[in-house]
Amino acid sequence: VWSAVAAAKHGCPVKLRLDHPVLRRRRFFGGAPQHGGESEVGDIAWLTPDGQHMTEADWGETSRSLMVFLNGETIPEPDARGGRIVDDSLLVLLNGDAESVRFRLPRERFGTGWHVVLDTSRELANQPPKAAKDAILLEGRSVVVLVRPPTVIHPTDGPQTQVEQPT
């Protein structure tokens, strides 16, 4: 049970979903299902704990830890007024192993500055910002979510919405 005390210390998953349209997509990712929905659009990327793109071999039954990058700048659905939705991008670190696993954040292509917004094993207070290629130790069976603001605004794409709140 996720209590108000836990949410204050570790981050609130419900608030995270409400605050980020990238977590409220109306359509699934457009890529091939055998690759976790990855496509040339770049809306999702699956990474190993070393921050490298997952290969076919990485998708085996022994894979218990991984990262998923959700690109807030490539949301294909428009907002209620037909404008482009631009959100923060998220990096979700998942450790399903019983033991701690050291994760290395991916290279600058995915973002240069990250902030921890949810950590199921540590308090959020006093967690410093993270940079590309920084290491983070995840306790066994834990999740960390990092966020970075949009890096590119496309003024020629029409009206934009930074965060669309649900009605």
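Visitor: Is Arg24 buried or exposed?
Guide: This is a predicted model. In it, Arg24 is buried, because its relative accessible area is 16% and the cut-off for buried is under 20%.

Visitor: Where does Arg24 sit in the chain?
Guide: In a loop. Helix 2 (13-19) lies on one side of that loop and strand 1 (44-47) on the other.

Visitor: And what does the side chain of Arg24 reach?
Guide: The backbone oxygen of Leu18, at 2.8 Å.

Visitor: How many bridges link strand 6 and strand 7?
Guide: Two, in the antiparallel sense. Strand 6 covers residues 113-119. Trp114 has Lys130 of strand 7 as its bridge partner.

Visitor: Now confidence. What is the mean pLDDT of the protein chain?
Guide: The mean is 81. Of the residues, 78% reach 70 or more.

Visitor: Which elements have the lowest and highest mean pLDDT?
Guide: Strand 10 (residues 160-161) has the lowest, at 40. Strand 5 (residues 101-104) has the highest, at 98.

Visitor: Where is the pLDDT below 50?
Guide: Over residues 154-167. In the model, that stretch has 31 contacts beyond near neighbours in sequence. Where pLDDT is low, predicted coordinates should not be read in detail.

Notes. Residues are numbered from 1 along each chain as its sequence is written. This is a predicted model: local features need pLDDT of at least 70, side-chain atom pairs count only at pLDDT 80 or more; totals for chains, interfaces and linings use all residues. Side-chain values use heavy atoms; hydrogens and water are left out. pLDDT is the predictor's confidence in each residue, from 0 to 100. Helices (H or I, at least four residues) and strands (E, at least two) are DSSP runs, numbered from the N terminus. Contact means heavy atoms within 4.5 Å. Buried means under 20% relative accessible area, exposed over 50%, partly exposed in between (1.4 Å probe, protein chains only). A polar contact is a pair of N or O atoms within 3.5 Å; within protein, one must be able to donate a hydrogen and the other to accept it, and residues adjacent in sequence count only if both atoms are side-chain atoms. Two strands pair if DSSP finds at least two bridges between them.
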